[in-house]
Amino acid sequence: MNYNEMKVLLVDDDPDFIEQQKALLNAIGFQVVCASGETEAARILNTFKPDLAVLDLMMEKMDGGFVLAYQIKKMYPETPIIMTTAVTNITGMEFDATTKEERSWIKADVILPKPVRFEQLKGEINRLFSRS
Amino acid sequence: MDTTHDKLKVYVVDDEPGICLGIGAILRDFTFKDKASLTPVEFEIFMYNDGESMLSSLETSVPDILLLDCKLPGISGLEMLEGPLGGRTDILTIMITAYATIETAIRATKLGAYDFLAKPFTPDELRYTIRKAVTHIMLTRQARKLEEEKRKIRFEFISILAHELKSPINAVDGYLDLMQNRILGDDLSSYIDIIKKSSDRIDGMRKMIGDLLDLTRIESGQKKRVVEETDLIDLVKNSVESNTLAAQSRNISFDLEIPEKLIIPADTGEMQIILNNLVSNAVKYNRDSGRVKICIAWDESDKLLISVQDTGIGMTAEESARLFNEFTRIKNAKTRLIPGSGLGLSIVKKIAMLYGGDVSCESEPDRGSTFRVKLDVVKVQ
């Protein structure tokens, strides 16, 4: 699949993860628009409709990613969302988006652990776009 | 539940109805307040004529204090301690005995009885014994509560620590994945920037581990403190020097309002940690071409005041309120690119408290912050 005409909204408060994921998404073929937090992202969302959104979970607020995902799905229901997080059971929070029920309240189509691996990201994106 | 009174359940097991009724009458109107408990203690009395009926009632409710006769028609008091009540640390047992022999006493104590009451006893003797028992129960409860709180705080600390240590590893891991997949092409020079960023994250992690060790050493009291005559001015100069490079690269200047010499009895290492943290923060959170002003002086109540003022990004009142907790980093667009362990100021606070002092902060967004450390030390020179 050719993603050259597609734009991704990438939101993360960690500059290293922005750098890495931007490079990965560029390598897959996307054009990337970056935001460093949910506030900036919400502003950007008014200016264009992303073909894909890649969001960090914990940003300015603990659940910033969840709230942002909800906003995106409300504005652009067909935009797939990938949520990335380093949160695991050790921090007392654990979740997944594999079942339909989980996806219904977590407004993300895929949840990926950090750091995001190139092969895994590419695989999930291909799967998301062949499904739709 | 009654919130103004603690109610303790007292079971009395005795085959002499007179004893049961007597104890009931004495304790029913007895309210007791000891130093360990915040609220007065009242008693709820339940009476049993034999051991069997008391044991079967344990299924529905458990007494705090058990007044247990040695001699009973069926199962005896000692047999109950040996058998069904063995190992019950939740019930405090006081044996009632008519013929108190040393042997019975030793045996009952070995089986877990807390105290004795010899028949016949006066109301005062009963009240005295109960008072002792209540104090014991309250102290045990308090100790258990403290232990639980400590465990919870420790767990929270370790959870956050694990998360904080994982993020630099994840960042470096991610960069390695970029290289492995040659995302930026085959030319090694394209990767110089991300190699630099990787080593920055490793440096940050090393700094965090160092801070963490400082913190645990101070908290555990394990660190050997050497209190000696320490010249703070030398230490200020060290801190300024080690931050000069970072300051120069952003055209930040230092302004020192300090005496030529200022000697106090203190641990040199601890004082250096305070100054390093405050000075490096003042540089890190400053604006380009900003200023850092360091003042050291005795205040009107002869406390030593170290203040470090910057002209940087500042904080809101809500942000500065959270500042001295462990792993607190103020997250916003302005601090995003500034590295830090989130431990520095909590270390500063802990050290200041070792010197009977404290640390405070005054700040205004986009104007700057002033940190003041107050130490209760004597002037040597």
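Helices here are DSSP runs of H or I with at least four residues, strands are runs of E with at least two, and both are numbered from the N terminus. This is a predicted model, in which local features need pLDDT of at least 70 and side-chain atom pairs count only at pLDDT 80 or more, while totals for chains, interfaces and linings use all residues. Residues are numbered from 1 along each chain as its sequence is written, with chains lettered from A and ligands numbered from 1 in the order in which they are written.

Back to the crossing: the axes (lines fitted to C-alpha atoms over the stretch in contact, with angles from 0 to 180 degrees between N-to-C directions) of α1, residues 17-28, and α5, residues 123-180, of chain B come within 10 Å and cross at roughly 65°. The two helices are therefore roughly perpendicular, the word for angles of 65 to 115 degrees. On the α1(B) side the contact uses B:Ile23, B:Ile26 and B:Leu27, and on the α5(B) side B:Pro123, B:Leu126, B:Arg127 and B:Ile130; contact means C-beta atoms, placed from the backbone, within 7 Å.

As for chain A, its elements run β-α-β-α-β-α-β-α-β-α from the N terminus, which comes to 5 helices and 5 strands. Across the two chains, 22 residues of chain A touch 22 residues of chain B. Helix α1 (residues 15-28) of chain A gives the most to chain A's side, with 8 residues.

Terms used
Parallel < 35°, antiparallel > 145°, perpendicular 65-115°, else oblique.
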